[in-house]
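Here is a short report for a first look. Start with the strands, then turn to a helix and the symmetry.

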Amino acid sequence: MESIEVTTKSRTEAVDITEEVQAAVSRSQVSQGIVLVSSLHTTAGMTVNEHADPDVMDDLMGALDRLAPRRGSYAHSEGNSDAHIKATLVGLSVSLPVESGRASLGTWQGIFFCEFDGPRRRRVLVQVVPAGS
Amino acid sequence: MESIEVTTKSRTEAVDITEEVQAAVSRSQVSQGIVLVSSLHTTAGMTVNEHADPDVMDDLMGALDRLAPRRGSYAHSEGNSDAHIKATLVGLSVSLPVESGRASLGTWQGIFFCEFDGPRRRRVLVQVVPAGS
Amino acid sequence: MESIEVTTKSRTEAVDITEEVQAAVSRSQVSQGIVLVSSLHTTAGMTVNEHADPDVMDDLMGALDRLAPRRGSYAHSEGNSDAHIKATLVGLSVSLPVESGRASLGTWQGIFFCEFDGPRRRRVLVQVVPAGS
């Protein structure tokens, strides 16, 4: 298993980690299987979405701000309940098929680490399992 | 690995692909393991929900329309930011346990491809990995 | 494959099943791989979020109540459309990397079964696949 470090620079931010994940899949030497990319945090998420036009992820992060507003009547005292809510709405991990030693992505798909309570240093695990003979 | 083609007929639509997934799991000859069903698109999603009463998926698609309205102050110029947002809220894939050569589903569970920017011809990958001896 | 029974006591409730999942991973004797924890239901979800302060899950369940209100103009006649919508927003399963025979979780992460239409007796499957040699 490998791990990827992500250093975020603002409170909310989508970081494209597609290249880092593909490199880890390649090093695993698994040709056919599944790769799991999993965040170790409770105020961040992982998703796959368009990586051609950065406006798409900006629109997504803006929509999440409206669905889970930062200011609200929350019980948790740390002031980051919105980030915890977004983490569950987005999900903490993505799984992708592996074929010919590469994570299978569509033309427009990229893998994003979604920071919801930065800036912070974050860690994501990459695990690859084989499909068998 | 197999792929399933889904041809959607309207802008938003939930398509039950449970049978196609079960057939692919059966052909994989994996008895115990995990099956991953993954969309190759950024304006569609995959989910598991009730397939007995179609009203359930209609209510879900309607709720997503309210959470990510088609018209809004979005930056992305293609007019389908709502579809990208729904794709991440729903998720691009589902993973299910495989037992006795079948994806394990509860009585009411079906596997749905969720179109958010159709009509289009779409493709979904089905990868099965074994649990070992 | 193992299964975990969860008995919920109210209509909506987050139940920490981290210990049960770790015990099942340990019994699988898989040292390196992926564990899938999957609900067999269409009105419940699975997520990973903070398990130190219970206020976090309370805030999350409250936010879901606002995103999918119980009363609304739903077509489904059973009065639990909100629970089906929440099930898809949260997702029916979580996947985690397995290392040294344990599901890899960050310091603050716990695994939660999310009841949205209880009280009920529920069942969750735990499947572990190995990463190979």
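Two strands pair if DSSP finds at least two bridges between them. Helices (H or I, at least four residues) and strands (E, at least two) are DSSP runs, numbered from the N terminus. This is a predicted model, in which local features need pLDDT of at least 70, side-chain atom pairs count only at pLDDT 80 or more, and totals for chains, interfaces and linings use all residues. Residues are numbered from 1 along each chain as its sequence is written.

**Strand S7 of chain C**

S7(C) has two antiparallel partners, S2(C) and S4(C).

| Partner strand | Residues | Bridges to S7(C) | One bridge pair |
|---|---|---|---|
| S2(C) | 13-16 | Four | Glu13(C) with Glu115(C) |
| S4(C) | 44-50 | Seven | Glu50(C) with Gln109(C) |

Buried means under 20% relative accessible area, exposed over 50%, partly exposed in between (1.4 Å probe, protein chains only). Seven of the seven residues of S7(C), residues 109-115, are buried, so the strand is largely enclosed by the rest of the structure. Both faces are covered. One side holds Gln109(C), Ile111(C), Phe113(C) and Glu115(C); the other holds Gly110(C), Phe112(C) and Cys114(C).

**Helix H1 of chain C**

H1(C) spans residues 18-28, and its buried residues are Thr18(C), Val21(C), Gln22(C), Ala24(C) and Val25(C). They cover an arc of only 160° around the axis (directions from the helix axis to the C-beta atoms), which puts them on the same side of H1(C). Glu19(C) and Arg27(C), on the other side, are exposed. Gln29(C) follows H1(C), with a positive phi near 60°.

**Symmetry**

Chain B superposes on chain A by a rotation of 120° with 0.0 Å of shift along its axis (RMSD 0.0 Å). The two copies are thus related as by a three-fold rotation axis. The superposition is by least squares on the C-alpha atoms of residues with pLDDT of at least 70 in both. Of the residues of chain B, Leu89(B) comes closest to the rotation axis, at 3.4 Å (C-alpha).

Key: Chains are lettered from A and ligands numbered from 1 in the order in which they are written. Side-chain values use heavy atoms; hydrogens and water are left out.
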